[in-house]
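Dear colleague,

Please find below the structure that I am handing over to you. I would be grateful if you could read the notes that follow alongside it.

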Amino acid sequence: MAADGQTTTILLADDDPKLCRFLALELVEEGYAVRRCGDGMEALTAIREQPPDLVILDWMLPQLSGVEVCQRLRHTGQTMPVLMLTGRDAVRDRVEALDAGADDYLVKPFSIEELLARLRALARRGPHPGQPTEQLQLDDLRLNTASHEVSRGGTAVHLSATEFALLHCLMAEPGRVQSRDSLLERVWGEHFSGDGNVLDVYVRYLRRKLEPPGQPTLIQTVRGLGFLLKTGPIKEPPP
C-alpha cells in the first residue's frame, strides 16, 4: 500500500510464463496491483501509456532487453523505481544494469522474501504525494521532496528514484560527513546485502548530473570516512 492509501502498481516483465505467473500471484497476495508483459517492446509501451509505481524487468527479454527498456525510460524522463532481474552476477554486468538506469538488481535464483524486501525499499524511495512539501537548498541546488523536482542554477535535473534518495540524504545534513554504511542503510535499506560499490556508482551518477563543467563541486569524498555535500574545498584527513 502506498503512503497515500492507494494500491501500489507494478509492471512485471518476464518472458518465462511460469515464473511471471508465480511472481504475479505472490505480489497480488502482498497487496500489489500487477500488470504482466512478456517482451521488452510490450513493457515499454505499457509503461509509457500507464506509468506504474514500480517496474520489475528481466534482463533477457525478447524484442528489447531489460537494459534497453530501462535506458529508453530514463531518456524520456520516466523516474519510477526499476528492479532488474538477471542471471548475471559479474560486477561489470551489475554496473551495466545500474548505468542503464536500474535502481536495484536481483540475481537469479532469488527468494520471494528478498524480492519483496527489495520492492519495499524501492517504494520508500518513490514520491509520496500525501507528505508535506519540503524544500531543501544548498547554494543554487534545490530539491523538492513532494514533487521530486531537482534543479541547479534554475535548470531542471532529472534523477532516478535512487539518485533522488541519495541526494536527499546528503542535502538533509549539508556539511556533515555521512559514512558509507549509513548511506547504504538509508538508501538501500538496513538489510541490503549487495555490493557496497553501488554507492560509488550512484555518487558518480549524481556528480555527472549535478556538476557539469564550470560548476563548483558539491558532493565531496572524505577518504576513509564517507561523503558530504558542501560548497568550497574540504580538508582531507592525513593518509
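This is a predicted model: local features need pLDDT of at least 70, side-chain atom pairs count only at pLDDT 80 or more; totals for chains, interfaces and linings use all residues.

Helix packing. Two packed helices are described by the angle between their axes and by the distance between those axes. Here the pair consists of helix α2, residues 40-49, and helix α3, residues 66-75, whose axes come within 9 Å and cross at roughly 25°. Because angles under 35 degrees count as roughly parallel, α2 is described as roughly parallel to α3. The crossing of the two helices is right-handed. On the α2 side, the contact is made by G40, L44, I47 and R48, while α3 contributes V69, R72 and L73.

Cysteines. A disulfide is a covalent bond between the sulfur atoms of two cysteines. The structure contains zero disulfides. For C20, the nearest cysteine sulfur belongs to C37 and lies 8.1 Å away. C20 counts as buried, because its relative accessibility is 4% and the cut-off for buried is under 20%. C70 is also buried, with a relative accessible area of 0%.

A residue in strand β8. S151 is located in strand β8, which spans residues 149-152. With a relative accessibility of 19%, S151 counts as buried. Leaving aside residues up to four places away in sequence, S151 touches D140, L141, R142, A156 and V157.

With kind regards

Note on methods:
Residues are numbered from 1 along each chain as its sequence is written. Side-chain values use heavy atoms; hydrogens and water are left out. Axes are lines fitted to C-alpha atoms, for helices over the stretch in contact, and angles run from 0 to 180 degrees between N-to-C directions. Helices (H or I, at least four residues) and strands (E, at least two) are DSSP runs, numbered from the N terminus. Angles under 35 degrees count as roughly parallel, over 145 as roughly antiparallel, 65 to 115 as roughly perpendicular and the rest as oblique. A crossing is left-handed if the near helix is turned anticlockwise from the far one by less than a right angle, and right-handed if clockwise. Contact means heavy atoms within 4.5 Å. A disulfide is a pair of cysteine sulfur atoms within 2.5 Å. Buried means under 20% relative accessible area, exposed over 50%, partly exposed in between (1.4 Å probe, protein chains only).
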